[in-house]
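Dear colleague,

Please find the structure below, handed over for your reference. A short account of the findings comes after it.

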Amino acid sequence: MCNCNQIITNLTIAKLISCVFINKQHFLLQFLAPISTSESPPSPLMATAQFFSLPDSIKQLSDSGALSSVPTHYACRDPDAPSDVDPTLEGQIPTIDLSVLTEGDPARRSQMVRQLGRACEEWGFFVVVNHGVPETVREAMLAAAQGLFDLEEEEKAEHSGKHVMDPIRYGTSFNSKVDDVGYWRDYFKMVVHPAFHSPAKPLGFREVLGQYAACTRVVGMELLRGMWESLELDEGYMNNALDLDACFQVCVVNLYPPCPQPELPMGLPPHSDHSLLTLLHQNGVDGLQVKHGSKWVHVKAPPNSFLVNIGDQTEIVTNGRYKSVLHRAVINGRSTRMSIATVVAPSLDTVVEPVAQLVSSERPAMYRGVRYREYLEHQQRNKLWEKSALDHLRLQ
């Protein structure tokens, strides 16, 4: 164990490094803070060794009010790096009107199917409007999710899963057992189909989640129907091949509290989703960025919309025609961002492989087949970074 008294007396060094011992409740961190170059004496904060316990949640850490800087365990960005965000691309994000896909006349519907296909091929991401989910349902889900995170830490900890496939799982970061750094995010993950799982608290949460899950599953299936049609694939064949009647659906509720130095941590790093597609609904605070070409695009969600990204299983089954999009979550120093991601995927026992109609001598199979359960477990138990899970399946 380091001698903290000696550290305190050596404040002439450029940075303060404090150490804590490791036991069941503590984590070894370096907590770096710049020392003033002026002649004034160090602040009380700088003159005290920083013993820092790993928090039960980012919400707990943020709500404590004790932080004026970010522990280095969470600092994974270079604040001096040039911006890689292109603001000129924001207005080019495709928009899909779901009502045209479900109720439009044949000519308009055919045009919207083509538009959906282009969005999947060129962006892997789009905004969905006129989706048919009542705003009262969406707002009720956000309110219920806030109540979930407002539970006492002991109550939330009852769902701290031991396995990545646990039907209800509460945690922080992505997978804190393997993450090199911490991500500024708390989450609940709940499997809602084919079997429905929900925390018992807070009161009424189960009913709200059930209604929201059913509504978003309908939206996801309608979008998949349009995607198959855009590729001239038979809807019935694809539904059977992916066993979509028993589709795996997860509701992931994310909380990104305000951060004293938002330029240093990430909410989530660049990654693609394991799903066929993911629908995202947020509380009005933006923070999603998607990659388009070599640049990142900050997404500003229009009112009453869902943000939809294509996942890895779609890239596999379409043989790379529709690519999963890299996306990341950034945070801010003012407001709490909350997002609700609905993951729609094949059934767990489905072997996902490139569909025969999209494989040819000119375009041979690009991925080997994999059972979706195995793919999901592999992605969830390893570090989250870009398309590392999908890269294991590439044939060329």
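This is a predicted model: local features need pLDDT of at least 70, side-chain atom pairs count only at pLDDT 80 or more; totals for chains, interfaces and linings use all residues.

Residues are numbered from 1 along each chain as its sequence is written, and side-chain values use heavy atoms, with hydrogens and water left out.

The chain has eleven helices and 14 strands (DSSP runs numbered from the N terminus: H or I of at least four residues for helices, E of at least two for strands). Of its 396 residues, 50% are buried (under 20% relative accessible area, with a 1.4 Å probe and protein chains only). Taking contacts (heavy atoms within 4.5 Å) between residues at least 6 apart in sequence, 77% join residues at least 24 apart.

Two cavities of 30 Å³ or more are found in the whole structure. On a 1 Å grid over the protein atoms alone, a cavity is a set of points where a 1.4 Å probe fits but cannot get out, and a pocket is an open set with protein on both sides within 12 Å along at least five of seven lines; lining residues have an atom within 4 Å of a point. Grid points are joined across faces, edges and corners, and a volume is the space filled by probe spheres set on the points.

The largest cavity holds about 510 Å³. It is lined by 34 residues, of which Arg185, Lys189, Val252, Asp273 and Val343 are the closest to its centre. The largest share of this lining, five residues, is supplied by β5.

The second largest pocket has a volume of about 430 Å³. Among its 20 lining residues, Arg77, Asp78, Asp84, Met266 and Arg328 are the closest to the centre.

Gly311 lies in the loop between β10 (306-310) and α9 (312-317) and is buried, at 0% relative accessibility. Although Gly311 and Leu277 are 34 residues apart along the chain, their C-alpha atoms are separated by 4.9 Å.

Lys387 lies in the loop between α10 (372-381) and α11 (388-391). Its relative accessible area is 14%, so Lys387 counts as buried. The side chains of Lys387 and Glu315 are joined by a polar contact of 2.8 Å (a pair of N or O atoms within 3.5 Å; within protein, one must be able to donate a hydrogen and the other to accept it, and residues adjacent in sequence count only if both atoms are side-chain atoms).
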